[in-house]
Amino acid sequence: MTGSVIQLLILEDDRVDAELYERLLSKIKGYVFETTVASRGLDALQLIDNQPPDLIIADFLLPDMTGVEFIRQLKQRHDLDSLPLIMVTGHGNEEVVVQALQMGAKDYLVKESLNRNGLHRSVHNALEHAIVCRQ
């Protein structure tokens, strides 16, 4: 998938955070992202049903549901092995991290420590895992 256009869905209700993810991702060599941003879980689910992206970056705390509830609903509709999701939160809580990863999130990043290298590694690993699962 390196070098190709990656359809990315950012599920984030804070526009500043969504723009930060886009800015960090634009600096990753080898990937070109076409980004759609949704601020509510239900809106994101509808977008995914209509056109599944290659990757989802989702905030844990949304106006209409938690990230865990989003993953639960997404799993009922789609295979999370071929539709990788990275959870991002402002509140690092080990219990929530474990729950999100057990439910199918490919990684869990804390906003305060988010940087280009960490996001790049997470995105690369999630996309590579999806490629293997699709084959």
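This note comments on charged pairs and selected residues in a predicted model.

1. Salt bridges overall. A search of the whole structure finds 8 salt bridges. Three of these pairs are taken up below.

2. K111 and D59. The closest N and O atoms of this salt bridge are 3.4 Å apart. K111 sits in the loop between β5 (107-110) and α5, while D59 belongs to strand β3, so the pair ties together parts that are 52 residues apart in sequence. Both K111 and D59 are buried. Through shared partners, salt bridges join E12, D17, D59 and K111 into one network.

3. D64 and R40. These side chains meet in a salt bridge of 3.9 Å, N to O. The pair links distant parts of the chain, 24 residues apart: D64 is in the loop between β3 (55-59) and α3, and R40 in the loop between β2 (32-38) and α2 (41-50). D64 is partly exposed at 24% relative accessible area, and R40 is partly exposed at 34%.

4. R15 and E19. Within helix α1 (residues 15-26), these residues lie 4 apart, about one turn of the helix. R15 is partly exposed at 44%, as is E19 at 37%.

5. The C-alpha atoms of V132 and S82 are separated by 8.4 Å, although the two are 50 residues apart along the chain.

6. Q73. This residue of helix α3 (residues 67-77) counts as buried because its relative accessible area is 18%, under the 20% cut-off. A polar contact of 2.9 Å joins the side chains of Q73 and E69.

Terms used
Residues are numbered from 1 along each chain as its sequence is written. This is a predicted model: local features need pLDDT of at least 70, side-chain atom pairs count only at pLDDT 80 or more; totals for chains, interfaces and linings use all residues. Side-chain values use heavy atoms; hydrogens and water are left out. Helices (H or I, at least four residues) and strands (E, at least two) are DSSP runs, numbered from the N terminus. Buried means under 20% relative accessible area, exposed over 50%, partly exposed in between (1.4 Å probe, protein chains only). A polar contact is a pair of N or O atoms within 3.5 Å; within protein, one must be able to donate a hydrogen and the other to accept it, and residues adjacent in sequence count only if both atoms are side-chain atoms. A salt bridge is a side-chain nitrogen of Lys or Arg within 4 Å of a carboxyl oxygen of Asp or Glu.
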